[in-house]
Amino acid sequence: MRRKLVAGNWKMFGEQARVNALVAELAAQDFSQAAVDVAIIPGFINLQSVQQQLADTGIELGAQDCAEQLEYGALTGEVSALQLAELGCRYVLVGHSERRALQSESDQVICRKFIAAQKAGLIPILCLGETLAQREAGLATATVCEQLEAVMEQVGVDAFEQAVIAYEPVWAIGTGLTATPEQAQEIHQQIRQRVAEECSDVAAQVQILYGGSVKAANAAELFAMADIDGGLVGGASLDAKEFSAIVSALGN
């Protein structure tokens with residue numbers, strides 16, 4: 001049976017005092033009762049302090065990005081997956097829609113980051129999603145599957161035994177809009193089916209998360225869907241009580 005996962009992406013939020021307070025609140029929660037894997041993904045500047053506060057809590061640490069190049073080198077402003085692993089990260093986001101849009105990251109760049117992450121021993125969370133224009137044109141499934149295939153064709157389906165997939169409709173990120181449970185399930189099912197075309201065993205065990213304005217009020221309905229294995233949570237993860245309620249909804 002697939003494990004469930006909730007990961008909180010803090011994006012570029014949080015002065016140090018607020019981060020310290022938020023992590024302290026999360027560390028005080030007993031997530032073990034929910035039988036759900038929990039991770040938080042702060043900005044690079046907060047990784048070390050958060051890692052220290054998370055020690056012995058069972059909450060995993062993730063990073064928001066990594067460099068395409070695994071080896072250390074003269075790449076100002078970049079962070080190697082090796083450095084993230086040394087710091088204690090377990091997960092790293094690759095292909096988040098904000099980086100695809102704002103940093104113009106191509107499928108080829110995202111694939112190289114996916115490979116670098118795995119070589120460093122990290123679990124990449126591969127983010128896939130369509131824009132509103134693509135959905136309205138009937139291209140949601142095709143867009144998401146093309147993004148998946150761009151990586152799968154390079155690394156092979158077996159690489160997804162040590163990876164997570166996150167479906168995040170771009171039109172539902174930070175907008176307050178959320179895909180209906182049925183809309184989300186449809187795309188999750190298509191993602192799993194595409195993986196199954198390569199290997200049914202990998203498809204059966206790969207975690208597929210939903211990301212797109214997940215909050216306590218809609219979490220239970222989303223997580224009740226057969227192919228939704230958890231959430232990649234944005235703004236709601238900056239509120240310890242809200243985030244804890246989302247974890248509880250998945251555990252139930």
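## Ser213, a buried serine

Ser213 counts as buried, with a relative accessibility of 18%; buried means under 20% relative accessible area, exposed over 50% and partly exposed in between, using a 1.4 Å probe and protein chains only. This is a predicted model, where local features need pLDDT of at least 70, side-chain atom pairs count only at pLDDT 80 or more, and totals for chains, interfaces and linings use all residues. Residues are numbered from 1 along each chain as its sequence is written, and side-chain values use heavy atoms, with hydrogens and water left out.

Look for Ser213 in the loop between strand 7 (207–210) and helix 10 (216–223). Helices (H or I, at least four residues) and strands (E, at least two) are DSSP runs, numbered from the N terminus. A polar atom of the Ser213 side chain lies 2.8 Å from the backbone oxygen of Ala172.

## The annotated binding site

In UniProt, an unreviewed entry carries the annotation "binding site" for Asn9, Trp10, Lys11, Gly174, Ser213, Gly234 and Gly235. The positions follow the numbering used here, feature names are shortened, and such annotations may be inferred rather than shown by experiment. These residues span 227 residues in sequence, yet no two of their C-alpha atoms are more than 13.6 Å apart, so they gather at one spot.

Are Gly174 and Gly234 buried or exposed? Gly174 is exposed, at 78% relative accessible area, while Gly234 is buried, at 19%. You will find Gly174 in the loop between strand 6 (164–167) and helix 8 (181–196), and Gly234 in the loop between strand 8 (230–233) and helix 11 (240–251).

Notes:
Polar contact = N/O pair within 3.5 Å; in protein donor to acceptor, adjacent residues only side chain to side chain.
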